[in-house]
Amino acid sequence: MENKYIDKTHTYGRLWMFVTLLVFLSVPTMICAHLGVKPELAKIAKGLATVALVFYPTAVIEVITYTPLLGTGGTYLGFVTGNITNLKMPVALSSMESAKVDANSDEGEVISTISIAVSSIVTTAIIAIFVLLFRPILSGITGEGSVLAPAFQQVTPALFGALCASYLAKHWKISILPIVLLCVVLIFKGDLAIGILIPVGIVVSLLGAHIMFKKGWVGQK
């Protein structure tokens, strides 16, 4: 039954990933067709060259590092709906933490998938409602002259800070190495993208936890 579920998840997941890719590509294609223009390949290549070296490897690394935490269904849902780092990952981890299940368990697979699905629906509904409600005053709230503008710039740090606090309190030993390493990296490269920092932090955390477990410093009574 479990293998059947995973196989179906992969089948439908790949299908919707392909459909989503077609939808993304159809928007610029229809715009070009409507305006009667044809982008020059040389200019497209030049534009891609400035971002491909960062975003393409990051995309591969995110799949490798996020999949064990999100599960099969959660991974497909997360990458189709987007905003994994800021929303889907915290939601899945928080839900599994509340249910006291492991990410690589059958229960974790189900809870991760459900939480990400609910998050996607709720997020879409909330965004649609509040975009309509706040449209007349949004520029005044988030503009540079607004007293609330600094708060909107700290949404992601506040989200991850609240999420990490409980994990750091429970597993402070294994958190020392990744925190120290990432702080050193940020000292010398303060503008490094979050999409790179998080996968690097995950890999370092896993390696550090494995070494500390082998040494008997954690996980053994």
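Start with Glu-109: setting aside neighbours within four places in sequence, it is in contact (heavy atoms within 4.5 Å) with Tyr-5, Gly-71, Thr-72, Gly-73 and Ala-103. This is a predicted model, where local features need pLDDT of at least 70, side-chain atom pairs count only at pLDDT 80 or more, and totals for chains, interfaces and linings use all residues. Residues are numbered from 1 along each chain as its sequence is written, and side-chain values use heavy atoms, with hydrogens and water left out.

**Glu-109**
- Glu-109 sits in helix 4, residues 106-134; helices here are DSSP runs of H or I with at least four residues, strands are E runs of at least two, and numbering goes from the N terminus.

**Largest pocket**
- A pocket is an open set of points on a 1 Å grid over the protein atoms alone, where a 1.4 Å probe fits, with protein on both sides within 12 Å along at least five of seven lines.
- The largest pocket comes to about 1800 Å³, a volume being the space filled by probe spheres set on the points, which are joined across faces, edges and corners.
- Its lining (residues with an atom within 4 Å of a point) has 41 residues, with Leu-93, Cys-164, Tyr-167, Ile-202 and Ser-205 nearest the centre.
- Helix 2 (41-81), helix 3 (84-99), helix 7 (155-170), helix 8 (172-188) and helix 9 (194-215) each give two or more residues to that lining.
- By class, the lining of the largest pocket has 28 nonpolar, 9 polar and 4 charged residues; nonpolar covers Ala, Val, Leu, Ile, Met, Phe, Trp, Tyr, Cys and Pro, charged covers Asp, Glu, Lys and Arg, and the others, Gly among them, are polar.

**Second largest pocket**
- This one has a volume of about 430 Å³, and its lining includes Met-17, Phe-24, Glu-62 and Tyr-66.
- Helix 1 (2-35), helix 2 and helix 3 each supply at least two lining residues, with the largest share, 4 residues, from helix 1.

**Whole chain**
- The chain has 9 helices and 0 strands.
- Of its 221 residues, 22% count as buried.
- The C-alpha trace spans about 70 × 50 × 40 Å along its principal axes.

How values were computed:
Buried < 20%, exposed > 50% of the residue type's maximum accessible area, 1.4 Å probe, protein only.
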